[in-house]
Amino acid sequence: MNKYHYTECGLDNVYLINGVEITKTKDGSEEIFIHDIHGLHKAIGKTLVFKRGLLAGNEIKFIRTTLDLSQTKLGRLLGLDYQSILGWEKNKTPISKTADHFLRIIFFSYLNRETDCSVYDKINEIADIDAEEVEVKNIELKEVGDEWRLSAA
């Protein structure tokens, strides 16, 4: 079998050497089955996390959709509006180095959530914080042993 050009993921440079079954349907069209699609997307994701240079628009969209985030929610997580995310994804504006690095950290923690979900869980908590609702509270800390902790009271 020739390499399968896997454009369905939204990236134009992904080719599968194996792990793909292509069959003809009764109507003559092709039906494509990819083995372990979640594992494949994880492998693609790890490649993107460690690639050189800034993420391109289609790579940002792949990461965002894999994270199951809307443009609005990703923007809120990064302290931006959805139009910034849209601009990146359409290659109209380049992603900043800071946002690029943070997006890679978020995605890396997502890809490794089976072994250490604490960072991923905290990132999700941060994403759910609505920056528009500001409630000023006292921060009360107490020393427990040899470290400071938030007081429950």
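Me: What does the accessible surface of the chain come to, and which share of that surface belongs to carbon and sulfur atoms?

Reply: In this predicted model, the accessible surface of the chain comes to about 10,900 Å², and carbon and sulfur atoms account for 52% of that surface.

Me: How many helices and strands are there in the chain, and in what order do the elements run?

Reply: The chain holds six helices and six strands, and, read from the N terminus on, these elements follow the order β-β-β-β-α-α-α-α-α-α-β-β.

Me: Is aspartate 100 buried or exposed?

Reply: A residue counts as buried when its relative accessible area is under 20%. Aspartate 100 has a relative accessibility of 2%, and therefore counts as buried. Aspartate 100 belongs to helix H5, which spans residues 97-111, and, once its neighbours within four places in sequence are left aside, aspartate 100 is in contact with Leu54, Leu55 and Ile95. For the chain of 153 residues, buried residues make up 30%.

Me: Where does histidine 5 lie, and what does histidine 5 touch beyond residues up to four places away in sequence?

Reply: Histidine 5 is placed in strand S1, residues 4-5, and, because its relative accessibility is 31%, histidine 5 counts as partly exposed. Not counting residues up to four places away in sequence, histidine 5 touches Asp12, Asn13, Val14 and Tyr15. The side chain of histidine 5 reaches the backbone oxygen of aspartate 12 at 2.9 Å, while the C-alpha atoms of histidine 5 and tyrosine 15, which are 10 residues apart along the chain, are separated by 4.5 Å.

Methods
Residues are numbered from 1 along each chain as its sequence is written. This is a predicted model: local features need pLDDT of at least 70, side-chain atom pairs count only at pLDDT 80 or more; totals for chains, interfaces and linings use all residues. Side-chain values use heavy atoms; hydrogens and water are left out. Helices (H or I, at least four residues) and strands (E, at least two) are DSSP runs, numbered from the N terminus. Buried means under 20% relative accessible area, exposed over 50%, partly exposed in between (1.4 Å probe, protein chains only). Contact means heavy atoms within 4.5 Å. A polar contact is a pair of N or O atoms within 3.5 Å; within protein, one must be able to donate a hydrogen and the other to accept it, and residues adjacent in sequence count only if both atoms are side-chain atoms. Accessible areas come from the Shrake-Rupley method with a 1.4 Å probe; for residues, only the protein chains shown count as cover.
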